[in-house]
Amino acid sequence: MSSPDTEIKEIVQKEITLNMGPQHPSTHGVLRLVLDLQGETVVGCDPRPGYLHRGIEKWMEHRTYHQIIPMTDRLEYISCFNNNLGYVVAVEKLGGIEVPPRAQFIRTILAELGRLSAHLVWLGTHALDIGAMTVCMYTLREREQVLDLFEIVTGARQTVSFARIGGVRNDLPRDFIDKCREFIDQFPKRLEEYDTLIRENRIWLKRTRGIGVFTAEEAVNYGLTGGTLRGSGVNYDLRKVEPYAAYDKVEFDVPLGTHGDVYDRYLVRIEEMRQSRRIIQQCLDMIPPGPVTTPDPRYGVPEKATVMQNMEALAHQFVLMSKWVPMPKGEAYVATEGPKGELGFFVVSDGGGRPYRIKIRAPSFVNLSAIPKMVTGGMLADVVACIGTIDIVLGECDR
Amino acid sequence: MDADQIAKMIEEKFPDQVLGTMSHAGQVGVMLKRDRVLDVCRFLHDEPLLRMDHLADLTAVDYSAYAGDTGPRFEVVYNMISTAFRHRIRLKVRVPEDDPRVDTVTPVWHTAGWHERETYDLMGIIFNGHPDLRRILLPEDWVGHPLRKEYPLKGY
């Protein structure tokens, strides 16, 4: 016998829609996710990027090839040099421009320092999102050292604009190699320090294992690249697939995951940092002497010291920077391995001094498209882990 | 496989679809009619010798301001690579201004979904059969497609 008071009625379960972002501490910028929730379970997710869309591709059509370099800094603003590099490599492919070996090595060193800088920020913020606060304090300390190294070479810490079509802006300063060695000598110990904080941490394992799983086949079909793809065990690293800069002259391994979850992607990126250090070390040992820009006067920017003393060099630089460089008609798609994944530039030239069209294939944008699949069916708290694991930077995603 | 050989394979398989091939800087592009783009893409993806499983990029170019160009106004460009064989190919499809439509390739590559949304948003190309063709970077009520050449740099 049951009285009407104790009778259990069916609980009406109502879906609610929750806006996560664009102002949210764990969305790494101005990302907005529209989540459909059934209690704590995510049943639908619709990412809404675009809050940082500045129309960079449109602007690029109105700038000369050299004037575009500073705009690329504003794409993936954690490791600006990698964007500079992606762009100039594409233009060099389009124009068939040779780059002297010393410049190639300088590019490789800076690109790997950029990768370290990006991965350190990723590790710190990813751990912070999941609740491990200490790691962030440590990683930002090392990142500061990386930025100091950038400052020695380029004069800027973040927006470096250092690559030039056909080379780099200037040679390495005298004290750079020693300071860089000093940094990479102490780096493995530091890396070990934060790895021990979380690698076997029970909370970390519970929050990351089996979360955001992607099989290898799915990951490729979703267009994932970078550490996000390699966590699923697909051996696709553009430094190996289509080597640029000096990557064909150095030895390094491509770490791969097996389970394709958040934890494996963490292991992959940690190992990538060790490999980056290895690449920098080899480059410092092997870097040859010689010029740092192409001797071809149509593209090579004269050295700053000459520009200050020589009238012709000054005029030459002025024309190259403000007017145009002769680019043949044609088109090229060149992809480089950015810290987040495949950073591709598709450049179309009509033979004029400005690119006819540039399309930036931003890894963050494509990786973000995988978020609905990663989070649907999981818990609300895991959304944060999934955003961290694709290592998104909105400047690049929205362009 | 060599990009030229891939282009030849496409031509042998779809002789009435290929309008021409062009190469620049060692990269090969195959110009297709727009009728059977999806079939060509499915062939490239499924053929065991090719296995183009990674659609790296999909975009469009507005050729209305290109000196000497007389073809239809827009060109949809597909850049793809095989993660196993590491060979690339580029497909190109021209679509006219008064009917800027081409079939979606989302059944072959899921990643095409967002690339196509972006191309629709910024260039105004409509992808037939796309499951969710909305604007992606610009607000829903935005008027116009900014990457078209007549769109002013500083907006209307």
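Analyst: A residue counts as buried if 20 or more other C-beta atoms lie within 10 Å of its own, as exposed if 12 or fewer do, and as partly exposed in between. The model shown here is predicted.

User: Which residues is B:L153 in contact with, leaving aside its neighbours within four places in sequence?

Analyst: Contact here requires C-beta atoms within 7 Å. With neighbours within four places in sequence left aside, the contacts of B:L153 are A:K58 and A:H62.

User: How far apart in space are B:L153 and B:P15, C-alpha to C-alpha?

Analyst: In sequence, 138 residues separate B:L153 and B:P15. In space, the C-alpha to C-alpha distance between B:L153 and B:P15 is 41 Å.

User: In what order do the elements of chain B run from the N terminus on?

Analyst: Chain B contains 3 helices and 7 strands. Read from the N terminus, the elements of chain B follow the order α-β-β-α-β-β-β-β-α-β.

User: What is the radius of gyration of chain B, and why does it agree with a compact globule?

Analyst: The C-alpha trace of chain B spans about 50 × 35 × 25 Å along its principal axes, and 42% of the 156 residues are buried. A compact globule of 156 residues would have a radius of gyration near 15 Å, so there is agreement with the value for chain B, 16 Å.

User: What is the radius of gyration of chain A?

Analyst: Chain A has 17 helices and 8 strands. The globule rule gives 21 Å for 399 residues, and the value for chain A is close to that, so chain A is as compact as a globular protein of that length; its radius of gyration is 23 Å. Along the principal axes, the C-alpha trace of chain A spans about 105 × 45 × 35 Å. The radius of gyration asked for is 23 Å.

User: What share of the residues of chain A count as buried?

Analyst: A buried residue needs 20 or more other C-beta atoms within 10 Å of its own. Among the 399 residues of chain A, the share that counts as buried is 53%.

User: Which element of chain A gives the most to the side that touches chain B?

Analyst: The contact draws 35 residues from chain A and 28 residues from chain B. Elements of chain A that each supply at least two residues to this side include α3 (80-95), β6 (330-337) and β7 (342-349). By class, the side of chain A has 15 nonpolar, 10 polar and 10 charged residues. The element that gives the most, with 5 residues, is β6(A).

User: Why is α5(A) roughly antiparallel to α6(A)?

Analyst: Helix α5 (residues 133-154) and helix α6 (residues 176-198) of chain A pack with their axes 10 Å apart, at an angle of about 165°. Angles over 145 degrees count as roughly antiparallel, so α5(A) and α6(A) are roughly antiparallel.

User: How many nonpolar residues are in the contact of α5(A) with α6(A)?

Analyst: The crossing of these helices, α5(A) and α6(A), is left-handed. Among the residues that meet are A:Y138 and A:L149 in α5(A), and A:F183 and A:F187 in α6(A). By class, the contact of α5(A) with α6(A) has 3 polar and 4 charged residues, and its nonpolar residues number 12.

Definitions and conventions:
Residues are numbered from 1 along each chain as its sequence is written. Chains are lettered from A and ligands numbered from 1 in the order in which they are written. This is a predicted model: local features need pLDDT of at least 70, side-chain atom pairs count only at pLDDT 80 or more; totals for chains, interfaces and linings use all residues. Two residues are in contact if their C-beta atoms, placed from the backbone, lie within 7 Å. Helices (H or I, at least four residues) and strands (E, at least two) are DSSP runs, numbered from the N terminus. Ala, Val, Leu, Ile, Met, Phe, Trp, Tyr, Cys and Pro count as nonpolar, Asp, Glu, Lys and Arg as charged, and the others, Gly among them, as polar. Axes are lines fitted to C-alpha atoms, for helices over the stretch in contact, and angles run from 0 to 180 degrees between N-to-C directions. Angles under 35 degrees count as roughly parallel, over 145 as roughly antiparallel, 65 to 115 as roughly perpendicular and the rest as oblique. A crossing is left-handed if the near helix is turned anticlockwise from the far one by less than a right angle, and right-handed if clockwise. The radius of gyration is taken over C-alpha atoms; the globule rule is 2.2 Å times the number of residues to the power 0.38.
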